[in-house]
Amino acid sequence: MVATFKMNNGLNIPVLGLGTWMIPDEKAESVVSQALKLGYRHIDTAQAYGNEVGVGKGIFVSGIPREEIFVTSKVAAEHKNYQAAAASIDQSLKQLGLDYLDLMIIHSPQPWNEWRQSGKTYDKGNLEVWRALEDAQTAGKVKSIGVSNFLMTDLKNILKHGKIKPVVNQILTHIGNTPFDLIEFCQKETILLEAYSPIAHGKALQNATIIEMAEKYHVSSAQLCIKYVMQLGMVALPKTENPNHMLSNMEYNFTIDKKDMTILKAINVTDYGEFTKYPVFSGK
């Protein structure tokens with residue numbers, strides 16, 4: 001049985017998914033197929049990743065029945081009007097070779113080149129995209145709709161003016177970067193949180209406290225990082241192309257005690273090395 005969380009629309013989502021950011025399209029087929037054969041049932045992609053075709057092929061060749069797989073994609077951050085968003089949803093389905101998506105989300109409240117810039121809220125544009133998602137859900141093209149990288153003010157805009165409440169908010173969360181206020185807000189609004197880059201794009205594995213604590217629990221640092229976000233009530237979306245890592249990431253049947261969770265919550269990781277060039281790791 002695959003462990004799941006229940007979303008606010010009553011549908012279930014697996015607590016562990018395979019993130020596919022930075023997996024090239026030509027590799028995505030084999031990576032996704034391998035993950036599904038090993039037991040994954042949740043695949044996360046996006047229009048911006050440029051690998052929807054490969055992901056779709058991986059789903060097909062895996063031989064796993066479509067209804068057993070939870071598939072997520074994201075409307076590109078640059079689409080901020082109804083027509084562009086609606087067309088992109090149809091294009092994602094075509095690229096993936098699927099009749100429906102389990103979850104489609106807005107990738108970012110701003111286009112990436114305007115990430116977190118003061119005054120750049122795009123409230124009207126996000127509502128247009130949200131309307132396209134609502135219509136896609138009504139049409140049966142997607143089962144659930146949500147957002148990613150949305151802050152409280154962005155969420156309030158959707159909650160106030162949208163017809164359907166987002167089921168998820170997918171955000172950067174890992175030991176060393178835990179947005180507690182945003183997590184609390186989403187939980188109060190029954191919006192499930194998904195943690196992308198739960199291992200801080202590998203940087204968390206270099207932290208001495210994490211390494212030492214992982215040894216205490218007889219698990220890997222990556223397993224500790226994954227369990228950390230799960231104990232915060234979040235879906236974990238670690239990215240890996242390594243089958244051995246895929247398998248070890250599935251081994252989260254242990255519990256971090258309360259005292260150790262407090263220690264982990266106090267850690268601060270701000271240096272993402274070469275990945276700091278990406279907006280989501282920029283610190284804005």
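Helix H3 (residues 82–96) packs against helix H4 (residues 123–138) with axes 8 Å apart and an angle of about 40°; axes are lines fitted to C-alpha atoms, for helices over the stretch in contact, with angles from 0 to 180 degrees between N-to-C directions. H3 and H4 are therefore oblique to each other, a class left after roughly parallel (under 35 degrees), roughly antiparallel (over 145) and roughly perpendicular (65 to 115). The model is predicted, so that local features need pLDDT of at least 70 and side-chain atom pairs count only at pLDDT 80 or more, whereas totals for chains, interfaces and linings use all residues. Residues are numbered from 1 along each chain as its sequence is written, and side-chain values use heavy atoms, without hydrogens and water.

In this contact (heavy atoms within 4.5 Å), Tyr 82, Ala 85, Ala 86 and Ile 89 of H3 meet Glu 128, Val 129, Arg 131, Ala 132, Leu 133, Asp 135 and Ala 136 of H4. The residues comprise 8 nonpolar, no polar and 3 charged; Ala, Val, Leu, Ile, Met, Phe, Trp, Tyr, Cys and Pro count as nonpolar, Asp, Glu, Lys and Arg as charged, and the others, Gly among them, as polar.

A second pair is formed by helix H5 (residues 152–161) and helix H6 (residues 180–188), whose axes come within 10 Å and cross at roughly 15°. H5 and H6 are therefore roughly parallel to each other. Met 152, Leu 155, Lys 156 and Leu 159 of H5 touch Asp 181, Leu 182, Phe 185 and Cys 186 of H6, giving 6 nonpolar, no polar and 2 charged residues. Helices here are DSSP runs (H or I, at least four residues), numbered from the N terminus.

Conventions: Helix = DSSP H or I, 4+ residues; strand = E, 2+ residues; numbered from the N terminus.
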